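Biologist: Could you take me through one part of this model at close range? I would like to look at the place where the two chains come together.

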Amino acid sequence: MHPRPDLNPAQAVPTAGGAGSASTTDVSVNAASGAGSSGSEPLVALVGSANSGKTTLFNLLTGSHYNTVNYPGATVEFAIGPGKNFPGFPCRVMDTPGLTSLIPASLDEKVTVDALFAKHRPDVVVAVVDANQLSRHLYLVKQLQDLGFNLVVALTMSDLLQRKGRGIDARKLSELLECPVIPIDPRNKDKAGELGRLVEERWLAGRAATGRRMGDEAEYRSFAGGMTEDRVHGYYAALDEIERLVAVREADAPHGAGAGGATADRILLHPVYGLAIFLAAMFVIFTSIFWMAAPFMDLIDGAFGWVIAALKHGLPQSWIVDLIADGAVGGVGTVMVFLPQILILFFAMGYLEDSGYLARGAALVDKPLSKIGLNGKSFVPLLSGYACAIPAMMAARTIPNRYERNLTIFIIPLMSCSARLPVYTLLLAFITPHGKPWIGGLALTGLYLAGLVLGAAVSTVISKFSRNKGISGFILELPALRLPVLRVVVASTYHKAEQYLRKAGLTIVCISLGLWILTHTPPVEMPSVAAAPIASVAAVPPLRDPARAASAPAVASAPADGSGTREYVTVSRSYAARIGHFIEPITRPMGLDWRGGVAMISGFAAREVFVSAMALMYRIDETKGDGLADRLLSRMSEVTFEGTHEKVFTVSTVLGVILFFMIALQCFSTVAVAKAESGGWKFAAVQLAVYTGAAYLLTVALVQGLRALGVE
Amino acid sequence: MVKIINREPMAAGQDPSGPEEGVSLVSLKRGEGGTISRVTAEPAMKLHLMELGFVPGSAITFLMPTPFGDPNIYALRGTSIALRKSEAECIRVRI
């Protein structure tokens, strides 16, 4: 037995109990099939190396219409869609994570193996093989054949091979492999019909054949257990022979063909230019998140604000209406506002990944990341964390070593996610001197870098004190550099965003709603004051440009504490307020009174809720969406602790809150995903406790320390 | 069961038992290539490397280093693969 580190092949295939019913319904599949229930439609699985063109083929066959299906209790997701380009052969097509051998080397490879043997038993397997890497990719094909799968080989990237002056005799290959082989370019539809026919033939042949069951778990276990070095050697000896027999030398091989890729890498991995290009790419990605996303975020914010205002003016005032408007619609708004940032970051990353560049990036940063206890493969998960920690933690599945994977997941919350941006922007605007907006921008960059540095520090410290880290491996294939297929990148971006909405979105909306209820019960009956403006707050104040906020003139805000509007009175007597008062001894050392305390608690639903909670607690009385930021800022500069003239929001307090948000883990959705990806509540609980506890202690230390030094 | 040869990883360049053994992959110069003669690593790693194509008899070339010196990029069986020096040390090459 040669178990992989961390992945015992005997454990690779879990018992199939309960596998089968998806927790989300494949609505599009049912609609498209028309022929009986989706359960009886044949399942065609696409299997192969990550860079073989498999996902492009999947998009081609499903027309980019697919669902990601989740299984209850698992974070494993499969992309399944109806076979749109198989005319006359209704079927479901499933994409799988990249696989090089049926003996998984990492968690995402294990997911594929599970799919083939346990969760979904495909009727036909289409093995996608890159014509330039025949022996390596046929290795998997041979394994699949030995385990009795119904195979069709799709041979891709023949054009690349032709440019090197070589070719492959597909018919001869099909003879030698004893299974159909079809050369196909996944970027155009030409051969899709032929592929469909071959798949259908194999399916019918498979149904007719009796005896041996395909994808048998027991057979897999003995196969995996019996894989020896001699066997591998034997496979490759046979494959080398096959490769030799099917190779075709084109007459006019252009001299130096295929050298283009090597030249590109010489630049991309150049000690000076390579590093410069890498830093430039990171810079472009991050700045695009900010400036490109801003107009869209303002648009969405404005739209939700409009809906909320319309609801409140159109319907008679009541607690229920406020619940729906501010609580529900507002809650949804806080989630939707981040969609542009998430879409942009994932599009950029998807584009770079499909181009092949991210692999170079991972190779580049492997050594620095190893120095702090991580792995070059941690690069993509960490980068994703800047959009949202949830898909980032899921991306950590590509890290083979369990310890490094968990460490990466542990560090991810320190990569400041999109939700912190409105908080940072508001608070930075407060302390940025007027007329010097560039300081705010600089400070924001500094905050993001600080998160990075902090992450590195935490990672180093944890690694120093850890034992039993297992064997760290890198071994990364650098795929051929190529222009990504736009449709594929767009489809994957859409699905990642959908993942965010499903996993984080729902939780955030529920908790926001809950918090709204907490801050608005018990409802207060007040004699209605004629013409008193109802205090209400748009979902998230449009606060993404510190420059804009800081340079706007201070607007006369609501009257000082005392004169009640209905909402403020309700909130100040609510359960949340009682909690705020209760924890005031804890929040005081941070520099916040009970109102700030309630806002901080609200931040635990989702960080951006902090801003709207602040507006609520400190009473912004106008309904107009515009100028809300300015009103909040000027309000913040006036607010005093009740009964005193001492200002609540001082430089030290604000810096303290910024520090708190940088470190604290204020997102229950993240906690849930951390538990799922690391495999335990203990991990997630420790993560939550460590970050939140440390955030509190450091914030108190900062605020008190600054005050001791004479800072306001 | 196959006999697993569990040796200490060699220092770069050392020539162990005979002329056919060759040198460690790490000692190749940029652009230099050879044929893999053996893979010496602990069982799981060795199996993994072999499954990826690092099989005795395969042609391998050292393409280029990376900016920080580690990993190095090698050409094997039609593709480029990044290997850390600690991983490349496990592979012996006949030039």
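Modeller: Happy to; what follows is a walk across the interface of chain A and chain B. Please keep in mind that this is a predicted model.

Let us begin with the overall extent. On one side, 46 residues of chain A are in contact with 36 residues of chain B. Together the two chains bury about 3,600 Å² between them, and carbon and sulfur atoms account for 63% of that area.

Now for the polar side of the interface. The rule finds 18 residue pairs in polar contact across it, both residues being at pLDDT 80 or more. It also finds three salt bridges between chain A and chain B. One of the salt bridges joins the side chains of Glu229(A) and Lys46(B), with an N to O distance of 3.6 Å; this falls within the 4 Å cut-off, so the pair counts as a salt bridge.

As for the elements involved, those of chain A that give two or more residues to the side touching chain B are helices H5 (134-146), H10 (229-246), H11 (259-268) and H15 (357-371), along with strand E10 (476-478). By residue type, that side of chain A divides into 21 nonpolar, 15 polar and 10 charged residues.

E10(A) pairs with strand E5 (residues 79-83) of chain B in the antiparallel sense, over three bridges. Within this pairing, Leu478(A) stands opposite Ser80(B) in E5(B).

Notes:
Residues are numbered from 1 along each chain as its sequence is written. Chains are lettered from A and ligands numbered from 1 in the order in which they are written. This is a predicted model: local features need pLDDT of at least 70, side-chain atom pairs count only at pLDDT 80 or more; totals for chains, interfaces and linings use all residues. Side-chain values use heavy atoms; hydrogens and water are left out. Contact means heavy atoms within 4.5 Å. Buried area is the accessible area (1.4 Å probe) that two parts lose on being put together, summed over both. A polar contact is a pair of N or O atoms within 3.5 Å; within protein, one must be able to donate a hydrogen and the other to accept it, and residues adjacent in sequence count only if both atoms are side-chain atoms. Helices (H or I, at least four residues) and strands (E, at least two) are DSSP runs, numbered from the N terminus. Ala, Val, Leu, Ile, Met, Phe, Trp, Tyr, Cys and Pro count as nonpolar, Asp, Glu, Lys and Arg as charged, and the others, Gly among them, as polar. Two strands pair if DSSP finds at least two bridges between them.
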